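The sequence and structure come before the answers.

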Amino acid sequence: MAWGITGAGHLLKDSYEVMKEIKLNGHSITTFMSRAGEEVSRMYGLLDSTKEISDGSYLNEIYLDSNQGASFPKIGRFNVGRYDVFILSPATSNTVSKIVYGIADTLVTNCAAQAMKGGIPSLIVPVDWESGVTSFMPYTIDRSKCKSCEVCPPRESCPNEAITDQIDLLKCQGCGTCVDLCEYGAISGGGEVPLKIRKVDARNTKMLSEMESVSIYRHPKDILDKIRNWNY
């Protein structure tokens, strides 16, 4: 299997959990990750989990957009039948729109394009449907609770120097050490945030569902039933 990950926090943890379950069932998974997918997986503390799923052996590698160059040579595997299925979860509205309009300028959108050209089934979990969703936020500092302590234990203990008067999410690796170190409870993570779905994104999701060899799902767990019914 080839699995694409893009930069959506919504359904990201769920996607990793499903990947692990599929791996435990004996399937090989090559992970293809966009630049945003790499950053967001890191800030949610999930990037290291990728190595548990794709251990580096043949067809179990991890390919990052950030180090694949402009031609994405590993995409050629789709053309020679190395993969039975391409799974994209989570798929951001940006990625969905590119796929719908035939734009393949990233590692993951190239995967989608080549899978479709080769008639390989594509199972995609878009984060934007016709109704609103609730997303979970990464770690953040509540400025109303922060006392701007001269000696700040979370800042001093952060292994990635990600904390100043705010959290630099491009440095944060989602370890959560800072949460318990703040005696004022100013740092938290995982809070729910409602998101409004734009009409254009809902329309693109509908167009995606109508593309040849593409099936879309509301949740990564819905993919498990599909895979269980296939005989590889």
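**Labels and their cut-offs**

Helix 7 (residues 153-157) gives the most to the lining of the second largest pocket, with three residues. This is a predicted model, where local features need pLDDT of at least 70, side-chain atom pairs count only at pLDDT 80 or more, and totals for chains, interfaces and linings use all residues. Residues are numbered from 1 along each chain as its sequence is written, and side-chain values use heavy atoms, with hydrogens and water left out.

Q: Why is Thr-50 called buried?
A: Buried means under 20% relative accessible area, exposed over 50%, and partly exposed in between (1.4 Å probe, protein chains only). Thr-50 has 1% relative accessibility, so Thr-50 counts as buried. Thr-50 is found in helix 3 (residues 47-53); helices (H or I, at least four residues) are DSSP runs, numbered from the N terminus.

Q: What is Thr-50 in contact with, leaving aside neighbours within four places in sequence?
A: Contact means heavy atoms within 4.5 Å. Thr-50 is in contact with Tyr-16, Thr-31, Met-33 and Ile-62, its neighbours within four places in sequence being left aside.

Q: Why does Ile-103 count as partly exposed?
A: Ile-103 has 40% relative accessibility, and therefore counts as partly exposed. Ile-103 lies in the loop between helix 5 (93-100) and helix 6 (107-117).

Methods: Helices (H or I, at least four residues) and strands (E, at least two) are DSSP runs, numbered from the N terminus.
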